[in-house]
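User: I am new to this structure and would like to learn how to read it. Could you take me through a few features, one at a time?

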Amino acid sequence: MLVVTGISTLVTNDKSLERGKLGIINNAAIVVGDDNKIVWTGESINLPREFASVAINVDGRAIVPGFVDSHTHLVFGGDRANEFEARMSGKTYSAGGIRTTMTATRAATTESLTNNARRLAEEALNTGTTTLEVKSGYGLSVTDEARSLQVASTITTETTFLGAHVVPPESKIDDYVNLVCGEMLTQCTPNAKWIDVFCDHGAFDVDHARAILGAGAKAGLGLRIHANQLQHGGGIQLGVELGVASCDHCTHMNDADISALADTNGRTVATLLPTAELCTRSKFPDARRLLDAGITIALASDCNPGSSYTTSMPLVISLAVLNMNMSCDEALWSATAGGAAALRRTDIGSLHIGAQADFALLNSSSHVHLAYRPGVKLVDAVVRKGECVAGALA
Ligand SMILES: [Zn+2]
């Protein structure tokens, strides 16, 4: 049992509270039961007496649901600092840099891949991320993709097979798509929950993406797609047609893409990854246009060594507010409940009764500081499954 009181602002995302989308309770307390689920939330003054005697008082700080980072690429070898430096000196980003990481990933030992992924997962945890989705996609051979998923499965249950990240240099595209849909899929499925395709210029076209996602669905995997990051294409329309859980990036969108996503009524989420735009000096997606159309938005880090080498969800929230016209409340919702929706989960991303007890204690009295104080360490403690796993509550 864990009882926390003295919470200035408790963001629950609990729809049943009718206190706006964030379900905010002020001067609040929260109780976690022995099954590591939320059993009580409310104003501290109403905290049942049996809980009060063991309560930890957090002295007027805010608590938010743990961040759900629904899009990361944490399994890789090496880094691409040189490429980053070159890009910042004027070169443009293309999907080809993925092959640099492929070479380093194939050369790395399983132990070093695991240690690197763990290091990044720990870094994410310390900034409040309690759930991570992790993709393969830097092995690009049957053995190396299967190995990447095995590493990913030591970090999270939200594992994604992304053999279709780019075509490796030793293969022709049609042969590679057959491999991804055949032997590679068979070897990767045991450690994968999802399948994803990079459907964009320099990666896979709509027909190849349709074949790959179709094979994944047949193998029992959930569907996701990288769509419309580098230029406008048919990725979002394909994603909606196939009923994917999430279309990710959505940087270049026309009205037909917007209405297709809106027509799914939240079944297909648009996952926006503003640190990818930040780190490639690209145009940010227009979140306001999506929100006004009624589209459900998730925010995620896209953590990868090429185009977005950060695990910081507070930074993502900050950018979404400062550069994508989201309100502070909308951005926090999208980084928590939105991420959960992108993973089709209802047990995380929210602090309703019965939810998994995943939350972050901030060092401020309000969640607004997440956007208001970009780049600053704002998380004092992180509770995952009812246990304080980073920092300290008292
Ligand atoms: Zn990605």
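Analyst: What follows treats a helix and then the domains. This is a predicted model, in which local features need pLDDT of at least 70 and side-chain atom pairs count only at pLDDT 80 or more, while totals for chains, interfaces and linings use all residues. Residues are numbered from 1 along each chain as its sequence is written.

User: Which residues of helix 3 are buried?

Analyst: A residue is buried if 20 or more other C-beta atoms, placed from the backbone, lie within 10 Å of its own, and helices are DSSP runs (H or I, at least four residues), numbered from the N terminus. In helix 3, which spans residues 98-107, the buried ones are I98, T101, M102 and T105.

User: Why do the buried residues line one face of the helix?

Analyst: An α-helix has 3.6 residues a turn, so residues three or four places apart point the same way. Seen down the axis of helix 3, the buried residues fall within an arc of 110° (taken from the directions from the axis to the C-beta atoms), so they line one face. These residues pack against helix 4 (110-126) and helix 5 (142-152).

User: Where do the bounds of domain 1 and domain 2 lie?

Analyst: Domain bounds come from an automatic or database domain assignment, which here gives domain 1 as 2-66 + 350-391 and domain 2 as 68-342. Their C-alpha centres lie 30 Å apart.

User: How many residues of domain 1 are in contact with domain 2?

Analyst: Two residues are in contact if their C-beta atoms, placed from the backbone, lie within 7 Å; 23 residues of domain 1 are in contact with 21 residues of domain 2. Strand 14 gives the largest share of the side of domain 1 that touches domain 2, three residues, strands being DSSP runs of E, at least two residues.

Conventions
Buried ≥ 20, exposed ≤ 12 C-beta atoms within 10 Å, placed from the backbone.
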